[in-house]
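Here are a few friendly notes to read alongside the model.

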Amino acid sequence: MCGFISIFGPDGSDVLQDVLSGLLAIQHRGQDAAGIVTFKERFQAKKGLGLVREVFEEKHLDRLRGHLAVGHVRYPTVGLGDKTDVQPFWIDFPVGIAMAHNGNVTNFHELKRDYFGKRHVQLASNCDLEAVLYVFADRISRRSAVAVTLLDVVEATRETFQRVKGAYSVVGTIAGIGMYAFRDPFGIKPCIFGRKKTDAGYCYAVASESVVLDVSGYEIVRDLKAGELLWIGEDRQPQFVQVVTAQHRPCIFEFIYFARPDSFLDGVSVYGARLDLGTALAESWRQTGLHADVVIPVPESARTAAQTMSESLGIPCREGFHKNRYVGRTFIMPNDKVRRDTIRQKLNPIRAEFEGKNVLILDDSIVRGNTSRQIVKIARHMGAKKVYLASYSAPLLHQCFYGIDMSTKREFIARNRDHLEVAKELGADYVLYQTIEQMVEAVRRTKTELKFCMACFDGNYPTGDITDQMLTDIEQDRLAANKE
Ligand code: SF4
């Protein structure tokens, strides 16, 4: 999970402030590193490890001003996550191309060995984006005309889709000429296009989430379709080209956890989806016949669903945990030890909401169970009579290959356990999960035609190219990472 924004403003304009505001709006998508590349006569860049507010200082801003820019916040899935892997990337020759992405290239090692190895190209980083950039740029550089045309960009995108497997949304600029964006053939990662009218003409933007466009006053035009390219060249006319067709399978976990609730993804309100997830889960809770006095969300993502769950059940919703906002998201901590230590500092209970009560604690998901186990312990310590745990997503059982470093399959607590066994493992009196059917129904809301990537729930990887060897490799990589 990463976040990006790319902006193409009128000649002579300065889009830096919008890029910075946009990156701050999607800081939740990656807290490991941030970068901006702008173009004014030549590419200028500032990249670094840390939060947006830490990487960009006043002294960097002047040289980053320009009318073409790409910004990125990074959450590392491939590579060491050091400075060399920070996006955006760019090349100056034979054509200046800057690029950033959100996603994961599943055949990165094969590309390195077969495609780049045969061409004697040595990649400078361990970031899979570099492979995407070079495949794209290689095709552009083989063009016959002097200036880059729509056809060149279409062919470069087609070649990228053919060679680069996985899930990736890509944005970028071509030096002094224009802006491009494309979404992988399954549209797993989000990508949305908007525009803002200025006195000098339209300013165009493409971002990971609609909230990026909202905060800077851009009007939302639409999401890119799976396998679609957007090109805006020197004539400033946005052109959409369906480069390849495949079934659109956006990541359902974006709605459950990753995306900001004030975003729309593929026309669906994330907030609305979470409200409906709470309502659906309330129905399942009613069927258990158990009694809870209060619904307590695990902040932040479970708050929305907890409201509708409590309304549907006619019991109060209370803030039982205060979250220390200055500790990072546990989900994106680099290894299990760091995650365990951080959870203890992150959530502080409010005793009055637990003491003498049957508490129904709601979370967005239960992954390894480390957080849940500690939450149950805390609730008991605060004097709860019964501690029930509910997840408004279905049990997580399979690794994600598309950019989310969730867990190794051995670590998924629901793997080879039913919900009662999970409850026992966590020390809870009961554990309730949403069913996959309810989850899909709630998330797609009125968009009944939407189908999702749900591979981490059902093991059905939409790209169809995940082999047993890849499953084994990723398992070993993640186990090794967790041992560090
Ligand atoms: S496997 Fe899960 S987290 Fe990964 S893209 Fe698919 S739905 Fe999203």
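1. The protein has 16 helices and 21 strands, counted as DSSP runs numbered from the N terminus (helices H or I, at least four residues; strands E, at least two). Its radius of gyration is 23 Å, close to the 23 Å that the globule rule gives for 484 residues, so the protein is as compact as a globular protein of that length. The radius is taken over C-alpha atoms, and the rule is 2.2 Å times the number of residues to the power 0.38.

2. Please keep in mind that this is a predicted model: local features need pLDDT of at least 70, side-chain atom pairs count only at pLDDT 80 or more, and totals for chains, interfaces and linings use all residues. Residues are numbered from 1 along each chain as its sequence is written.

3. Along its principal axes, the C-alpha trace spans about 75 × 50 × 45 Å.

4. Now for the helix pair. The axes of H4 (residues 108-118) and H5 (residues 128-141) come within 10 Å and cross at roughly 45 degrees. Axes here are lines fitted to C-alpha atoms over the stretch in contact, with angles from 0 to 180 degrees between N-to-C directions.

5. Who makes the contact? On H4 the residues are Phe108, Leu111, Lys112 and Tyr115, and on H5 they are Asp128, Ala131 and Val135; contact requires C-beta atoms, placed from the backbone, within 7 Å.

Definitions and conventions
Two residues are in contact if their C-beta atoms, placed from the backbone, lie within 7 Å.
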